[in-house]
Amino acid sequence: MKSFLVFIVSFSIIFTINAEDSSHSEDMPHGFKSGDAQKGSALVGVCASCHGADGNSISSDWPKLAGQNQRYLYEQLQYFKAGERNNALMMSVVPYLQSLQDSDILDIAAFYESQVMSGGQAKDDEELLEMGSMLYRFGNMKKAIPACTACHSVYGNGNSLAGFPALAGQQVGYLTSTLKAYRSKERNAGEQALVMQSIAQNLSDEEIDALANYMHGLYK
Ligand code: HEC
Ligand code: HEC
């Protein structure tokens with residue numbers, strides 16, 4: 001119990017620091033002004049081969065962007081642009097991102113947010129589903145794993161104001177690899193990544209598989 005409280009307190013510290021001195025909040029107008037989805041649609045031609053024309057990727061290993069909140073998308077694109085978040089496939093579009101203005105990147109984020117995320121189908125494995133839903137909804141206090149619902153919401157829609165990503169329907173392969181990347185601290189762009197690193201370090205491979213399967217199949 002005590003360690004769990006320490007855990008919660010360290011979260012609030014992370015959030016306080018983040019609220020006050022995030023380098024990216026400077027790029028972002030206070031109160032977060034929305035981008036122009038129409039303009040954004042003209043800027044995403046090179047993204048379609050992997051993320052799909054409507055932001056629904058075909059490969060399980062590539063993230064869907066459709067319906068994701070603008071703030072999260074904007075922040076992640078800035079991390080890729082700055083070389084803080086690295087991925088071999090995304091590398092090919094970094095020079096392109098570097099040629100864009102912040103307002104263009106916001107328009108791209110607005111475009112993907114305006115698209116509809118296609119649903120996913122969880123594997124029908126009772127034990128895996130049970131483990132995934134228990135962890136997602138209630139966490140595991142003994143292992144200092146908080147409930148994912150606290151930030152990503154019960155149906156996995158995330159929190160668009162806070163910029164917490166939506167997870168419902170997301171690709172299983174991507175969910176698995178990105179949770180492992182937080183666990184190994186390879187995914188470390190920005191202060192918010194620390195939150196997920198501290199959670200993922202307590203997840204076993206099996207728990208990650210169970211969570212990915214559950215989140216992929218989540219819907220309202
Ligand atoms: C060659 C394939 C490919 C292309 C082209 C590509 N992406 Fe990606 N993108 C990926 C992969 C793979 C990832 C997952 C990276 C990781 O695991 O860290 C990703 C991640 C992202 C993310 C983060 C998603 C999340 O949930 O955190 C965003 C945003 C994104 N891409 C936007 C774009 C945009 C905008 C373009 C076009 C300018 C683009 N991508 C072009 C493959 C690609
Ligand atoms: C205290 C709030 C909080 C809690 C609790 C939380 N998350 Fe997160 N999560 C975040 C934030 C913030 C991000 C974005 C981090 C970044 O910028 O890299 C994130 C990102 C993610 C991502 C990456 C999404 C993407 O598109 O790349 C996954 C997957 C994820 N969380 C899964 C989980 C799971 C599973 C749990 C429960 C075991 C959980 N989260 C609990 C705040 C939280």
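Domain bounds here come from an automatic or database domain assignment. The model is predicted: local features need pLDDT of at least 70, side-chain atom pairs count only at pLDDT 80 or more, and totals for chains, interfaces and linings use all residues. Residues are numbered from 1 along each chain as its sequence is written, while chains are lettered from A and ligands numbered from 1 in the order in which they are written.

**Stop 1: ligand 1.** Select ligand 1. Domain 1 (2-13 + 120-217) and domain 2 (32-114) both give residues to its shell, so ligand 1 lies between them. The shell holds 22 residues (C-beta atom, placed from the backbone, within 6 Å). Show C47, C50, P63, N87 and L89, the closest. Next, colour α4 (48-51), α5 (70-81) and α10 (172-183); each supplies at least two shell residues. Helices are DSSP runs (H or I, at least four residues), numbered from the N terminus.

**Stop 2: ligand 2.** Now select ligand 2. Of the 22 residues around ligand 2, C148, C151, P165, Q192 and A193 come nearest. α9 (149-152), α10 and α11 (192-200) each supply at least two residues. The largest share, five residues, comes from α11.

**Stop 3: two helices.** Select α8 (residues 126-138) and α12 (residues 205-217). They pack at an angle of about 85 degrees, with their axes 8 Å apart. Axes are lines fitted to C-alpha atoms over the stretch in contact, and angles run from 0 to 180 degrees between N-to-C directions. α8 and α12 are therefore roughly perpendicular (65 to 115 degrees). Show L128 and L129 of α8, among the residues that meet α12 (C-beta atoms, placed from the backbone, within 7 Å). On the α12 side, pick A210 and L211, also among the contact residues.

Note on methods. Parallel < 35°, antiparallel > 145°, perpendicular 65-115°, else oblique. Contact = placed C-beta atoms within 7 Å.
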